[in-house]
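Have the structure open beside the text as you read.

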Amino acid sequence: MTKHFLPLLTAAFLASTAGAFAAGELTYVVNNESAKYDPGTTAETFAAPIIGNTFEGLVRFDADSNIVPALAESWDVSEDGLTYTFNLRDANWSDGKPVTAGDFVYAWDRVLNPATGAMNAAMLYSIVGAEEAYNADGVGDIAISAPDDKTLTFTLKARVPYMMQLLTYTTFFPVRQDVVEADPEGWTRDPATFIGTGPFRVTEFNQGESVVFEKNPEYYDADAVSLDKLTFRLIPDPATALAAMEAGDVDGIESVPAPEIPRLSVESDAFMVVPALGTTYAFFNTHQAPLDNLKVREALSMAIDREEIVEFVLQSADIPALGLVPPGMTIAGEEFTDGRDTFGLGEAAEIEAAQAMLAEAGYPDGEGFPETLFVTYSSPPIEKLLEAIQQMWKQNLNIDVNIQASEWQVYYPEVQKVEYQIAQMGWGADYPHPMTFLDNFVTGSPNNLGNWSNADYDAAIAAAKATGDEAESLAEMRKAEAILMNDHAILPQYHRNNYMMMSPEVTGFWRSTLNVPYFRDAQIAE
């Protein structure tokens, strides 16, 4: 297989188009629109660009992936690694009211009330009393307190080596009680009530078209923010977005069409390949026939050619995926994926083995295979990917699988009902640690969209979290991934990079490996 080895760029890379840009105004194209922008409740990747530029928590990542102060100006951790104390800086909400430690207490208590519907409440379970309170409808003693307006403290059940990384995620961001309780369902859709703590504030929500921001004058480091206006323009089709970029109508686009990647990597100094901690996969619904048969799931996964997907369908520098966790995360001095089993899969299709497995499942040469539907969200690149997989299953297994696409706002709620047979999804890391992927498959996790459950898996994840020994934790996490993959609960496709463009007149822009574009430090050359 011939691979496209493209430069991997981060931080303040400068990209290109010709054309004059208004001073202090920048337009960036996004391809998808989220259904909700509540930092405490959402787990949608599509919400990240908006939340990441309008909210900050205690700490944040800088362009070099270092943890730096945000709303907290300093912090202390007890010698046993269990008690964290944060000292808040003088900071205001975007409407001018002071940020207090009580805002964090309210926000975290809110996440731990199941009635709130927070998708990542489990991120707080390491705090003493948090899981118990969640399981008691939000009632209980949680070891989170605000001794005064400038001091926040919390205590963990056991040491969590990646706690500071966790705190950068939106689930830990503060929200204002008076704002949320005045309109629990609608406060994030109205610029007047979408009150944040970040470098920008929203001035317009134009559904189906754009989100418009202005510099937040109340931001604690407002002097560092150069842009006066920032617009996220919604263009679902990457080809249309690229045309707007090359015409000089926009300053940046979050993705480029796969067929254009080879050309742009040579011709355009605007082109960027940003490393991403992400895996694209589909859920097999193990409760729906014929996917309730392990041998069927394994045959389907063995029959797809991941090399061909990357090389000829995606035409990218992505990595064929044989497991859940992507490369790029080191624990106890070891890359998580080093030495990982292939779980019977190959980068190329294992055709004969897949055919034999399907025959063992009761469908020799595809005979009698029942009607099966593969659902997905509307996205030209993803639909093209699924059509390729559909053809591979027809060619290699002689089975017909239908594809059905719908808009994200319709698709995601339907997938959450777990009534599908196969559903396209994937996951981008919320924090740079394997647990951000593995935690999703614990029994009862709201992100466990296949409703898959395995007691041994749950036990391994619990053991990985309970130990203070990183090497032991690594072993338990690897054990958990093997349980998931040997049960073929998902159809792994590829580990992602992000392919985008940004004008070379823009400096200071960076996009994290967690897929959040940051404009705090962006500047446009005169």
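## A buried arginine and its partner

Let's begin with Arg176, which is buried because its relative accessible area is 7%, under the 20% cut-off. The model is a predicted one, and in it Arg176 and Asp178 join their side chains in a salt bridge, with N and O 2.7 Å apart. Asp178, at 40% relative accessibility, is partly exposed.

Asp221 is partly exposed at 26%, whereas Arg520 is buried at 10%.

Glu246 and Arg263 form another salt bridge, at 3.0 Å between the closest N and O atoms. Glu246 belongs to helix α6 and Arg263 to helix α7, so the bridge ties together parts 17 residues apart in sequence. Glu246 has a relative accessible area of 46% and is partly exposed; Arg263 is partly exposed too, at 27%.

## The wider set

Through shared partners, salt bridges connect Asp95, Lys97, Arg176 and Asp178 in one network. Across the whole structure, a search finds 20 salt bridges.

## An asparagine in helix α11

Asn396 is found in helix α11, residues 380–397, and is buried, with 8% relative accessible area. A polar atom of the Asn396 side chain lies 2.8 Å from the backbone oxygen of Ala303. Beyond residues up to four places away in sequence, Asn396 touches Ala303, Ala349, Ile351 and Gln355.

Methods: Residues numbered from 1 in each chain as written. Predicted model: local features only at pLDDT ≥ 70, side-chain atom pairs only at ≥ 80, totals over all residues. Heavy atoms only, no water. Helix = DSSP H or I, 4+ residues; strand = E, 2+ residues; numbered from the N terminus. Buried < 20%, exposed > 50% of the residue type's maximum accessible area, 1.4 Å probe, protein only. Polar contact = N/O pair within 3.5 Å; in protein donor to acceptor, adjacent residues only side chain to side chain. Contact = heavy atoms within 4.5 Å. Salt bridge = Lys/Arg side-chain N within 4 Å of Asp/Glu carboxyl O.
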